[in-house]
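Hi,

Here is the structure I promised to pass on. Have a look at it first, and then read on for what turned up.

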Amino acid sequence: MTTSSDGPGPGICEGRVVIVTGAGRGLGRAHALAFAAEGAKVVVNDLGVGLDGAGGASPGPARQVADEIGAAGGEAVAHGGDIATEAGAASLIGAALDTYGRLDTLVNNAGFLRDRMLVSLDEDDWDAVVRVHLKGHFLTLKHAAAHWRAEAKAGRAPVARVINTSSGAGLLGSVGQSSYSAAKAGIVGLTLVAAAELGRYGVQVNAIAPAARTRMTEQTFAQMTAAPGEGAFDAMAPGNVSPLVVWLGSAASDGVTGRVFEAEAGRITVMEGWRPGPSVDRGARWAPAEAGEAARKLLARAGEGRPVYGVR
Ligand SMILES: NC(=O)c1ccc[n+]([C@@H]2O[C@H](COP(=O)([O-])OP(=O)(O)OC[C@H]3O[C@@H](n4cnc5c(N)ncnc54)[C@H](O)[C@@H]3O)[C@@H](O)[C@H]2O)c1
């Protein structure tokens, strides 16, 4: 594996143990390779399911990426469990500890889509999407946090990092993706609370909203998906998102927590979220019609909301 140690110094994740969920394909695979290239030992998790989460699990994708890292001289182990189950999440954290004796960074990335307009969305499809993204983030985070809290209490101050994966759909909304948008918005709330609760144990928690060409977005980015010619910058390559994730997952990101970044092509953006806008306080209860009048006056002074993706 080529590391920055081939150049001026050791990689920025030398000696760290990193879990990446859903790392058998797409963005997770790119993150796993990028962490290994910076000297990390990587636990490559992937359930190996279809684009809609169905189709039967397969250990193949996780193994392939672990093999790829090994063939390049890095260290990796495959884990084929379902991160949205208590047993799968617990065994994933256990795999890092059993194999490498430590855990430093958790990248929550696994997930799938079942897009439908709201009125046609089945309860099962809603549950499956919210489960894999929101619960899939919560369970791994909870088990990793329990380990880091125990480490902190034993006096072995962790320098721990979590990178969660939200989406532009979660930040701004996306037509046809109500379940996915709700889950990805929920991941931002989870990130903020986890950052606030776990800081005392040496754990930093941030989220990214990536965009890249993967099987998940082939149709969304139809015009942008073709890889460019030899030597040109492939703007939508998943690997373009990974450098920020690797930095957030390293000790070098000290002091950065509770933030959300958009990462796409060569662009990194700090997202600035909900904050109070125009406000009025009459010091007593409003009558409904008066509340409406006040709300309209405030709206006239407020900034416009950002358009939801897919609204024409
Ligand atoms: N590609 C984009 O432009 C984009 C944009 C915004 C957000 N995202 C998010 O980035 C993440 C990665 O997406 P991608 O585009 O690389 O998709 P992908 O389909 O290429 O990869 C997702 C991987 O997650 C795995 N997976 C699914 N359910 C799992 C489970 N329960 N346990 C373990 N692994 C499981 C799949 O097998 C698959 O290999 C997702 O959370 C996605 O929502 C992607």
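Let's start at the ligand: a polar side-chain atom of Asp46 lies 2.6 Å from one of the ligand's oxygen atoms. That is a polar contact, meaning a pair of N or O atoms within 3.5 Å; within protein, one must be able to donate a hydrogen and the other to accept it, and residues adjacent in sequence count only if both atoms are side-chain atoms.

Before I go on, a word on the model: it is predicted, so local features need pLDDT of at least 70 and side-chain atom pairs count only at pLDDT 80 or more, while totals for chains, interfaces and linings use all residues. Residues are numbered from 1 along each chain as its sequence is written, and side-chain values use heavy atoms, with hydrogens and water left out.

Who is in the shell? There are 31 residues around the ligand, and the closest are Asp46, Asp82, Asn109, Tyr180 and Thr214 (near means a heavy atom within 4 Å). The shell splits into 13 nonpolar, 13 polar and five charged residues. Here Ala, Val, Leu, Ile, Met, Phe, Trp, Tyr, Cys and Pro count as nonpolar, Asp, Glu, Lys and Arg as charged, and the others, Gly among them, as polar. At least two shell residues come from each of α1 (26–37), α4 (123–153), α6 and β6 (203–211). These labels are DSSP runs numbered from the N terminus: helices are H or I with at least four residues, strands E with at least two.

Next, the salt bridges. Side chains of opposite charge can pair when their charged atoms come close. The whole structure has nine salt bridges (a side-chain nitrogen of Lys or Arg within 4 Å of a carboxyl oxygen of Asp or Glu). One of them joins Asp82 and Arg131, at 2.8 Å from N to O. This pair links distant parts of the chain, 49 residues apart: Asp82 is in the loop between β3 (75–79) and α3 (86–100), and Arg131 is in helix α4. Asp82 counts as buried because its relative accessibility is 18%, whereas Arg131 is partly exposed at 30%. The cut-offs are under 20% relative accessible area for buried, over 50% for exposed, and partly exposed in between (1.4 Å probe, protein chains only).

Asp104 and Arg102 form another salt bridge, with 2.7 Å between the closest N and O atoms. Asp104 is buried at 4%, while Arg102 is partly exposed at 40%. In the bridge between Lys297 and Glu293, the closest N and O atoms are 3.9 Å apart. Both of these residues lie in helix α8 (residues 288–301), four residues apart, or about one turn, and both are exposed.

Inside helix α4 you will find Thr140, which is buried at 0% relative accessibility. A polar atom of the Thr140 side chain lies 3.2 Å from the backbone oxygen of Gly136.

Finally, the surface: Met117, Val119, Val175, Val308 and Val311 make up a nonpolar patch with about 470 Å² of accessible area together. Of these, Val175 sits in the loop between α5 (168–172) and α6 (178–198) and is partly exposed at 38%. Patches take residues with over 30% relative accessible area and no salt bridge, joining like charges within 9 Å and nonpolar side chains (Val, Leu, Ile, Met, Phe, Trp, Tyr) within 5 Å.

Cheers

Note on methods
Areas by Shrake-Rupley, 256 points an atom, 1.4 Å probe, with all protein chains shown as cover.
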